[in-house]
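Below are some notes on the two-chain model, set down as numbered points. Please read them with the structure open beside the text.

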Amino acid sequence: MSASNCGCPGAKMQDFREKESEVKDEIGKRASQLRQWPIQLHLVSPQAPYFQKADVLISADCVGYALGDFHKDYLKGKTIAIACPKLDEGQESYVEKIKSLIEDAQVNTITIMTMEVPCCAGLVAIAQESLALSKRKIPVKSIVVGIKGDILSEDWVS
Amino acid sequence: MEKYLNTPIKEVITRFTEVGTILEQFNIGCVPCSVGSCLLKDVVNIHNLPDAQKIDLMYLIEKNIYPDRKIKKPKIKPCAKKIDNKEIKYSPPIKRLVDEHILIKKLLALIPYIMEILDVKTKSGRELIVNIVDFIRSYADKFHHAKEEDILFKYVDNNLDIINTMLEDHKAGRFHVKSIVDALTKGDKNAIIKHLMEYKKLLTQHIKKEDEILYPWIDRGLLITQVGEIFSKFNEAEKNIGEKAAKKYKKFIEDLENYTNKCVVKGRRLLRRTTTKGGRLK
């Protein structure tokens, strides 16, 4: 594995191509577990029927690429919204939108999936702010994914 | 060994006392359990031991039950030392139950002091017991145990011994409370003390079993959607009981802590003065 000396851990170049040899169980096709469109947090509507009382997954953009079993283990059975807390513009509206998911769509739970890089933690902070502003309280879980696709932590944040 | 795996743990420990000590080494506290109807195999499975420790535990138990039998020792490092408690992470609804236990434990901690100042002859003394009974019935039972019995336990197999053990504990608690009320009517101070002590002993063990074994076990089996459902049902249940109940009983315990503290300090000061003056207790 090689790494550049870039200062930001979120943008630091890393090469883990040797992981190819560790690949297991690659036979057969897998069905997508995506049940809706659109999925970008700016574009989704809390009024959409698939958000009502749903278990919602709010995922940082990179998670779906890093996690090999993302569809099977994390997306299945959930309604999704994706965002990038580092690069997306207009993130103030994310707070209101997640608050609306909690209050108007009466979602059952929210799972936030982020990458281990520090800038990703902003997504958890956004969800926590939404929850603090919301009159309704729900369980919120944070799952942190390593850049090599391993689960680093799973914690209830509310 | 199959026979003993399907035997209630109390029977196993009664017959092979060393098994209780072995379980304690693995932080499995079946020895003081008042019921002990859980099967040995369930006891081993429910405690979420890492595989290596589970194999180690089963080897030690089997060796104790059949000392003459040649049992192949598993190729793992035996756990000679006590195993450290891992930090338990509860889901939000289960965490709420654990937090409610904190208030109940505060009452349990006050019971020895309440016994010191107990006076069934005065109106204020009788009121104190009435208020304690109200806390146990309304908060510990209606507010807390009802959430377990009507909601949480519905998510697991109700026929499991561990659930039956918890339900039996709830029943036993209600019996002690009823006995306290009966004793108060008769002005029987000794009976009140006896049942308060029994209640303290029962609930202390009960809460430990729930916090350390039952709740983590239930949590491990819950899907995220069930966690959300339970959370929402708990909210609904609390709304029905009255949302002010939690605040009211939290305040009651705070006041009770201050009151018992004042009374005990005053009483001990008086006692010290009496012993100093007279040289001995009057």
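**Notes on the model**

1. In chain B, the axes of α6(B) and helix α10 (residues 224–241) come within 8 Å of each other and cross at roughly 45 degrees, where axes are lines fitted to C-alpha atoms, for helices over the stretch in contact, and angles run from 0 to 180 degrees between N-to-C directions. The two helices α6(B) and α10(B) are therefore oblique to each other, given that angles under 35 degrees count as roughly parallel, over 145 as roughly antiparallel, 65 to 115 as roughly perpendicular and the rest as oblique. On the side of α6(B) the contact is made by P92(B), P93(B) and R96(B), and on the side of α10(B) by V227(B), I230(B), F231(B) and F234(B), two residues being in contact if their C-beta atoms, placed from the backbone, lie within 7 Å. By class these residues divide into 6 nonpolar, no polar and 1 charged, with Ala, Val, Leu, Ile, Met, Phe, Trp, Tyr, Cys and Pro counted as nonpolar, Asp, Glu, Lys and Arg as charged, and the others, Gly among them, as polar.

2. This is a predicted model, in which local features need pLDDT of at least 70 and side-chain atom pairs count only at pLDDT 80 or more, whereas totals for chains, interfaces and linings use all residues. Residues are numbered from 1 along each chain as its sequence is written, and chains are lettered from A and ligands numbered from 1 in the order in which they are written.

3. Helix α6 of chain B covers residues 92–117, and its end C-alpha atoms are 38 Å apart, which agrees with the 38 Å that its 26 residues should span at 1.5 Å a residue, the expected span being 1.5 Å times one less than the number of residues. Buried residues of α6(B) include L97(B), H101(B), I104(B) and I111(B), where buried requires 20 or more other C-beta atoms within 10 Å of the residue's own, exposed 12 or fewer, and partly exposed a count in between, with C-beta atoms placed from the backbone.

4. Chain B as a whole has 11 helices and 0 strands, with helices (H or I, at least four residues) and strands (E, at least two) taken as DSSP runs numbered from the N terminus. Buried residues make up 24% of its 282 residues, and its C-alpha atoms fill a box of roughly 70 × 55 × 35 Å along the principal axes.

5. Which residues does A237(B) contact, leaving aside its neighbours within four places in sequence? They are A146(B), K147(B) and I151(B). A237(B) lies in helix α10 of chain B and counts as partly exposed because it has 15 C-beta neighbours inside 10 Å.

6. The peptide bond from W37(A) to P38(A) is cis, with omega near 5 degrees, and P38(A) is found in the segment before β1 (55–60) of chain A. K53(A), also not a glycine, has a positive phi of about 55 degrees, and with 13 C-beta neighbours inside 10 Å K53(A) counts as partly exposed. In chain B, N27(B) has phi near 60 degrees and sits in the loop between α3 (17–25) and α4 (40–46).

7. The contact between the chains takes 10 residues from chain A and 9 residues from chain B.
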